[in-house]
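Hello,

Here is the structure we discussed handing over. Please open it alongside this note, which says what was found in it.

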Amino acid sequence: PVLDTEDAWVSVEGPVSIVELALEQKRIHYPLVEHQFVLCTILYAIMRLSLKSVKPLSLFDSKGKNAFFKDLTSIQLLPSGDMDPNMLSIRQQFLLKIVSAAVQTLCSSQKDKEVSEEELFPFEKGKNWPTLAADLAQYLQISEDLVRRHYVCELYSYGMDHLGEE
């Protein structure tokens, strides 16, 4: 971008402006940032929903694991569209665990009428974990419909038929 400056500012001495510093930065490789975001979301879901015996790095192949430890400005080989069926199965089980834990948490808070959902997750007002799992499914190459069907089945199994119908 072209930045026009007034003549009075050209002769000013001192530290370099933050705008100039920002323009000198290398461009990031956006797919790599997106890849990091998926890992952060997975880690946050594991922590927030108290999922046990989940190994987050097992959800990624060797290219995906190597990409986590590279500079964000470097162009890395990211996982391609072809995936190992075992890897897809592990990812699918993980997403279904997220949905099951979210529904279980929601149902336990509904039974304890004293605790509202906002009090249960105070910093996550409006956070819908099953929708987040469906969004993650897109990145992890799992069918979103499968995650949504599991969500509906979980709602029915916990007796929340009114939400399952929606």
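**Surface patch**

Leu3, Ile18, Val19 and Leu23 make a nonpolar surface patch of about 380 Å². Patches are built from residues with over 30% relative accessible area and no salt bridge; like charges are joined within 9 Å, and nonpolar side chains (Val, Leu, Ile, Met, Phe, Trp, Tyr) within 5 Å. Areas come from the Shrake-Rupley method with a 1.4 Å probe, and for residues only the protein chains shown count as cover. Val19 lies in helix 2. Helices (H or I, at least four residues) are DSSP runs, numbered from the N terminus. With a relative accessible area of 43%, Val19 is partly exposed. The cut-offs are under 20% for buried, over 50% for exposed, and partly exposed in between (1.4 Å probe, protein chains only).

Before you read on: this is a predicted model, where local features need pLDDT of at least 70 and side-chain atom pairs count only at pLDDT 80 or more, while totals for chains, interfaces and linings use all residues. Residues are numbered from 1 along each chain as its sequence is written, and side-chain values use heavy atoms, with hydrogens and water left out.

**Core**

The largest nonpolar core has 31 residues. Such a core is a set of buried Ala, Val, Leu, Ile, Met, Phe, Trp, Tyr and Cys residues joined through side-chain atoms within 4.5 Å. Ile42, Leu51, Phe60, Phe94, Leu95, Ile98 and Val147 touch the most other members. Helix 3 (30–48), helix 5 (85–111), helix 7 (129–139) and helix 8 (144–157) each supply at least two residues of this core. Helix 5 gives the most, with nine residues.

Take Leu95. Leaving aside neighbours within four places in sequence, Leu95 is in contact (heavy atoms within 4.5 Å) with Ala133, Leu136, Ala137, Leu140, Ile142 and Val147.

**Aromatic pairs**

There are two aromatic pairs in the structure. In one of them, Phe60 and Phe68 have ring centres 4.9 Å apart and planes at 85°, so the pair is edge-to-face. Rings of Phe, Tyr and Trp (its six-membered ring) pair if their centres lie within 6.5 Å; planes under 30 degrees apart count as stacked, over 60 as edge-to-face and the rest as tilted. Phe60 is buried at 2% relative accessible area. Phe68 is buried too, at 9%.

**Salt bridge**

The structure holds one salt bridge, meaning a side-chain nitrogen of Lys or Arg within 4 Å of a carboxyl oxygen of Asp or Glu. Arg148 forms it with Glu144, and the closest N and O atoms are 3.4 Å apart. The two residues are four apart in helix 8, so about one helical turn separates them. Arg148 is partly exposed at 41% relative accessibility. Glu144 is partly exposed at 29%.

**Loops**

His29 sits in the loop between helix 2 (18–24) and helix 3. His29 counts as buried because its relative accessibility is 16%. Beyond neighbours within four places in sequence, His29 contacts Leu72, Thr73, Ser74, Ile75 and Gln76.

Two backbone angles deserve a look. Ser50 has a positive phi, near 50°, and is not a glycine. Ser50 is in the loop between helix 3 and helix 4 (62–67), and is partly exposed at 47%. Gln141, also not a glycine, has a positive phi of about 60°. Gln141 is in the loop between helix 7 and helix 8, and is partly exposed at 33%.

Best wishes
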